[in-house]
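This report walks through one protein chain. Keep the sequence and the 3D view open while you read.

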Amino acid sequence: MQPDQQHVGDYVGIRPGTDHRDYQIRLYPKQHWIVAAGIRSTGLTASLGIGRHVVHLIGIIMLPTPEPPLESSSVQTTPLPPVKELVKDYHARGNGTVMIQGNVYRVTHPITKLGWDAQSS
């Protein structure tokens, strides 16, 4: 953000369900406004693409001639261990966490916790 620009605000967290389609991303250039709503759980997987798209939209608002959007890019992903290994680690650790490639992650999704708690180590 440039020094002469002001951050108006943002909102994240619990969102209401909608009867409209998911992934509502709209640009209102006259108002210098971008709306990103209806981002469901799959938004985590799509977050890099969503972010790239929003950055492009910001360019349309901020720059006189924005660069064209990236057509394709190479994204390196972290391979996850098999689910059986994650469940075993979850039970062995006993504190609601798993370790993936040396990093400890807390399991927070209620359905994942319910399923993993129901399985024996």
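## An exposed lysine

Lys88 counts as exposed, because its relative accessibility is 58%. Lys88 lies in helix H2. Its C-alpha is 9.1 Å from that of Gln119, although Lys88 and Gln119 are 31 residues apart in sequence.

## Basis of the model

This is a predicted model, in which local features need pLDDT of at least 70, side-chain atom pairs count only at pLDDT 80 or more, and totals for chains, interfaces and linings use all residues. Residues are numbered from 1 along each chain as its sequence is written, and side-chain values use heavy atoms, with hydrogens and water left out.

## Overall layout

The protein chain has three helices and four strands. Helices (H or I, at least four residues) and strands (E, at least two) are DSSP runs, numbered from the N terminus. What is the order of the elements from the N terminus on? They run β-β-α-α-β-β-α.

Buried residues make up 16% of the 121 residues in the protein chain. The chain exposes about 10,200 Å², and carbon and sulfur atoms supply 57% of that area. Accessible areas come from the Shrake-Rupley method with a 1.4 Å probe; for residues, only the protein chains shown count as cover. Contacts are also counted by separation. Among those between residues at least 6 apart in sequence, 32% join residues at least 24 apart. Contact here means heavy atoms within 4.5 Å.

Strand S1 (residues 24-28) and strand S2 (residues 33-37) run antiparallel and are joined by five bridges. Two strands pair if DSSP finds at least two bridges between them. Leu27 has Ile34 in S2 as its bridge partner. S1 and S2 form a hairpin with four residues between them.

Two residues of this loop deserve a look. His32 lies in the loop between S1 and S2. His32 has a positive phi of about 55° although it is not a glycine. Most residues other than glycine have a negative phi. His32 is exposed because its relative accessible area is 51%. Pro29 lies in the loop between S1 and S2 too. Pro29 counts as partly exposed, because its relative accessibility is 45%. Pro29 and Ile58 are 29 residues apart in sequence, yet 9.1 Å apart in space, C-alpha to C-alpha.

## The S3-S4 hairpin

Strand S3 (residues 97-100) pairs with strand S4 (residues 103-106) in the antiparallel sense, over four bridges. Met99 stands opposite Val104 in S4. The hairpin of S3 and S4 has two residues between the strands.

Gln101 lies in the loop between S3 and S4. Its phi is near 50°, a positive value in a residue other than glycine. Is Gln101 buried or exposed? Gln101 counts as exposed, because its relative accessibility is 57%.

## The nonpolar core

Which residues make up the largest nonpolar core? There are seven: Leu86, Val87, Tyr90, Val98, Ile100, Val107 and Trp116. Helix H2 (83-93) and S3 are the elements that give two or more residues to this core. H2 gives the most, with three residues. A nonpolar core is a set of buried Ala, Val, Leu, Ile, Met, Phe, Trp, Tyr and Cys residues joined through side-chain atoms within 4.5 Å.

Val87 touches Trp116 and Gln119, not counting residues up to four places away in sequence.

## A nonpolar surface patch

Ile58, Met62 and Leu63 form a nonpolar patch on the surface. Together they have about 270 Å² of accessible area. Patches are made of residues with over 30% relative accessible area and no salt bridge; like charges are joined within 9 Å, nonpolar side chains (Val, Leu, Ile, Met, Phe, Trp, Tyr) within 5 Å. A salt bridge is a side-chain nitrogen of Lys or Arg within 4 Å of a carboxyl oxygen of Asp or Glu.

Met62 sits in helix H1 (residues 43-62). Met62 is partly exposed, because its relative accessible area is 44%.

Conventions: Buried < 20%, exposed > 50% of the residue type's maximum accessible area, 1.4 Å probe, protein only.
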